[in-house]
Amino acid sequence: MPETFHPNGALKSKYQYENGKLQGLLDVYFDNGFLESRRYYKDGELHGSNETLFRNGQLISKGEYQNGKKCGTSSRYHPNGYTKSLNHYLEGQLHGPHRLFNIRRELIYTGVFRSGNLEREVLHG
């Protein structure tokens with residue numbers, strides 16, 4: 001499994017290639033050793049779970065991919081750990097509810113998408 005390193009010598013990334021394409025797990029690390037992102041690949045395309053983290057190890061976002069396209073529920077988080085947004089995807093396009101929350105967990109926006117097109121929206125608060 002190939003590895004890259006930060007100038008300070010700390011591990012920067014671990015990944016795998018098959019037939020010249022990313023395959024399997026790709027981990028990327030901050031220079032402090034904390035995980036920055038974890039992604040899975042299939043034949044060079046994102047496929048499976050995908051997570052991105054703050055420098056302190058707290059989650060920024062998570063979601064799923066199938067054959068390079070977002071699918072299912074995708075979430076983003078405020079630095080305090082509370083949910084910032086919840087989105088639903090179908091074949092790489094927003095599809096279904098899209099919700100935004102403020103840093104106090106209060107719902108501030110709801111949009112409903114169908115195949116990437118906004119059908120309805122509501123501002124809360």
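**Ground rule.** Before reading any accessibility, I wrote down the cut-offs: a residue is buried under 20% relative accessible area, exposed over 50%, and partly exposed in between. I also kept in mind that this is a predicted model.

**Asp-43.** I found Asp-43 in the loop between strand S6 (35-42) and strand S7 (45-53).

**Overall view.** Next I stepped back to the whole chain. I counted 13 strands and zero helices, so my sketch of the order, from the N terminus on, is simply β-β-β-β-β-β-β-β-β-β-β-β-β. The C-alpha trace spans about 50 × 35 × 15 Å along its principal axes. Of the 125 residues, 31% count as buried. I also looked up the contacts between residues at least 6 apart in sequence, and 4% of them join residues at least 24 apart.

**Surface and charge.** The protein exposes about 7,800 Å², with carbon and sulfur atoms supplying 48% of that area. I then checked the charges: there are 17 positive and 13 negative ones, and their mean positions are 5 Å apart.

**Core.** Which residues make up the largest nonpolar core? I listed seven: Tyr-15, Leu-22, Leu-26, Val-28, Tyr-41, Leu-46 and Tyr-65. A reminder to myself: in soluble globular proteins, nonpolar side chains tend to be buried together.

**His-6.** Is His-6 buried or exposed? His-6 has 16% relative accessibility, which is under 20%, so I count it as buried. This residue sits in the loop between strand S1 (3-5) and strand S2 (11-14). A polar atom of the His-6 side chain lies 2.7 Å from the backbone oxygen of Tyr-29. Tyr-29 also turns up among the residues that His-6 touches outside its four-place neighbourhood, alongside Leu-11, Lys-12, Phe-30 and Asp-31.

**Asn-67.** I moved on to the loop between strand S8 (59-66) and strand S9 (69-77), where Asn-67 has its place. Asn-67 is partly exposed, because its relative accessible area of 45% falls between the two cut-offs. Setting aside neighbours within four places, I noted contacts of Asn-67 with Lys-42, Glu-45, Leu-46 and His-47; Leu-46 is one of the core residues I listed above. I also took the C-alpha to C-alpha distance from Asn-67 to Glu-119: 26 Å, for a pair 52 residues apart in sequence.

My last stop was the loop between strand S11 (93-101) and strand S12 (107-114), which holds Asn-102. With a relative accessible area of 14%, Asn-102 is buried. A polar atom of its side chain lies 2.9 Å from the backbone nitrogen of Arg-104. Beyond four places in sequence, Asn-102 is in contact with His-78, Thr-83 and Ile-108. Arg-105 is found in the loop between S11 and S12 too, but Arg-105 is exposed, with a relative accessible area of 56%. Here again I noted a positive phi, about 75°, on a residue that is not a glycine.

Notes. Residues are numbered from 1 along each chain as its sequence is written. This is a predicted model: local features need pLDDT of at least 70, side-chain atom pairs count only at pLDDT 80 or more; totals for chains, interfaces and linings use all residues. Side-chain values use heavy atoms; hydrogens and water are left out. Helices (H or I, at least four residues) and strands (E, at least two) are DSSP runs, numbered from the N terminus. Buried means under 20% relative accessible area, exposed over 50%, partly exposed in between (1.4 Å probe, protein chains only). Contact means heavy atoms within 4.5 Å. Accessible areas come from the Shrake-Rupley method with a 1.4 Å probe; for residues, only the protein chains shown count as cover. Lys and Arg count as positive and Asp and Glu as negative; His and the chain ends are not counted. The place of a charge is taken as NZ of Lys, CZ of Arg, CG of Asp or CD of Glu. A polar contact is a pair of N or O atoms within 3.5 Å; within protein, one must be able to donate a hydrogen and the other to accept it, and residues adjacent in sequence count only if both atoms are side-chain atoms. A nonpolar core is a set of buried Ala, Val, Leu, Ile, Met, Phe, Trp, Tyr and Cys residues joined through side-chain atoms within 4.5 Å.
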